[in-house]
Amino acid sequence: MIDSHCHTSYSKHATGTVDDLVRASITAGVSILTITDHAPFPVDINNRLLASELDCYFADIERARQTYQGQITILRGLELDYMLGTEAYNLELLARYPMDFVIGSIHYVEVPGEPMVKVWELSRLAGQAFLDRYFASLEALLDSGLFDAVGHADTLLRGV
C-alpha cells in the first residue's frame with residue numbers, strides 16, 4: 001500500500017507528529033509513505049506550515065527516515081497551493097528544499113469582481129465564473145510542470 005497525500009499537525013488542521021504518522025502507517029501496512037503537509041502560502045496561513053517551520057518539518061521527516069529504515073520507505077513532500085500567478089512563489093519554495101514528491105492543489109480561486117472562492121464553500125462551486133476560473137487554474141497548474149500530482153481532483157464533485 002502507498003500513501004502519497006497525508007498531513008501531520010504541521011498543517012494545523014491535522015493531528016499527530018511525523019513520528020505518529022509513520023508508526024500508524026506501518027501498523028496499517030503502508031510500504032511507501034509520502035508526507036505532504038500544506039506548504040507555506042500567502043493565503044490562509046492558519047491551515048499550513050509556516051515558512052519558519054520548514055527546516056524542522058524536513059528534519060523530522062529525515063529523522064523518521066533513519067529511525068524506520070527497513071520498515072517503510074518515507075518520501076519528503078509538500079502539498080503546494082496553486083493560483084494563477086503563483087508560479088514564481090512556488091518555484092522559489094521548490095528550489096530551497098529537495099523533495100521526492102510534490103502535490104499541486106487548488107484550494108482558492110480568485111473570481112474577478114467576487115470574494116475569493118474557497119473550494120470548501122460548496123454552494124459557490126457551480127457558478128459559471130468560478131468554473132471558468134477553476135479550469136483555467138487547473139490547466140495552468142498542469143502546464144507549469146512544477147508538480148508530480150494534482151491534489152483534490154474531485155473538488156467540483158463536492159458541490160454537486
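Ser25 is in contact (heavy atoms within 4.5 Å) with Val30, Leu33 and Ile72, leaving aside its neighbours within four places in sequence. Ser25 sits in helix H1, and it counts as buried because its relative accessibility is 6%; buried here means under 20% relative accessible area, exposed over 50% and partly exposed in between, with a 1.4 Å probe and protein chains only. Helices (H or I, at least four residues) and strands (E, at least two) are DSSP runs, numbered from the N terminus.

This is a predicted model, in which local features need pLDDT of at least 70 and side-chain atom pairs count only at pLDDT 80 or more, while totals for chains, interfaces and linings use all residues. Residues are numbered from 1 along each chain as its sequence is written, and side-chain values use heavy atoms, with hydrogens and water left out.

**Strand E2 and its partners**

- Let's start with strand E2, residues 32–38, which is mostly covered, with six of its seven residues buried.
- E2 pairs with strand E1 (residues 2–6) in the parallel sense over three bridges; two strands pair if DSSP finds at least two bridges between them.
- Within this pairing, Ile32 in E2 is the bridge partner of Ile2.
- From E1 the chain passes through helix H1 (residues 18–28) to reach E2, in a β-α-β crossover that is right-handed; that term applies if, with the strands pointing away from the viewer, the path from the first strand over the helix to the second runs clockwise.
- E2 is also joined to strand E3 (residues 73–81) by seven bridges, and these two strands run parallel.
- Here His38 stands opposite Glu79 in E3.
- Helix H2 (residues 54–67) carries the chain from E2 to E3, and this β-α-β crossover is right-handed.

- Strand E4 (residues 101–105) is largely enclosed by the rest of the structure, because five of its five residues are buried.
- Both of its faces are covered: on one side Phe101, Ile103 and Ser105 are buried, and on the other Val102 and Gly104 are buried.
- E4 pairs with E3 in the parallel sense, over five bridges.
- In E4, Val102 is the bridge partner of Leu78.
- The chain goes from E3 through helix H3 (residues 87–96) to E4 in a right-handed β-α-β crossover.
- Three bridges join E4 to strand E7 (residues 149–151), and these strands run parallel.
- In that pairing, Ser105 stands opposite Gly151 in E7.

**Leu93 in helix H3**

- Leu93 is placed in helix H3, and it counts as buried because its relative accessibility is 3%.
- Leaving aside neighbours within four places in sequence, Leu93 is in contact with Ala39, Pro40, Leu54, Leu78, Leu80 and Met99.
- The C-alpha atoms of Leu93 and Asp60 are separated by 18 Å, and these residues are 33 apart along the chain.

- On a 1 Å grid over the protein atoms alone, a cavity is a set of points where a 1.4 Å probe fits but cannot get out, while a pocket is an open set with protein on both sides within 12 Å along at least five of seven lines; lining residues have an atom within 4 Å of a point.
- Grid points are joined across faces, edges and corners, and a volume is the space filled by probe spheres set on the points.
- By this rule there is one cavity of 30 Å³ or more, and the largest cavity holds about 40 Å³ of space.
- The largest cavity is lined by Met83, Leu84, Tyr108, Val109, Glu110, Arg133 and Ser137.
- Strand E5 (108–109) and helix H4 (128–144) each supply at least two residues of this lining.
- By class, the lining of the largest cavity has four nonpolar, one polar and two charged residues; Ala, Val, Leu, Ile, Met, Phe, Trp, Tyr, Cys and Pro count as nonpolar, Asp, Glu, Lys and Arg as charged, and the others, Gly among them, as polar.
- Ser137 lies in helix H4 and is buried, with a relative accessible area of 3%.
- Not counting residues up to four places away in sequence, Ser137 touches Tyr82, Leu84 and Ile106.

**The largest pocket**

- The largest pocket has a volume of about 160 Å³.
- It is lined by 13 residues, of which His13, His38, His107, Tyr108 and Trp120 are the closest to its centre.
- The lining of the largest pocket divides by class into three nonpolar, six polar and four charged residues.
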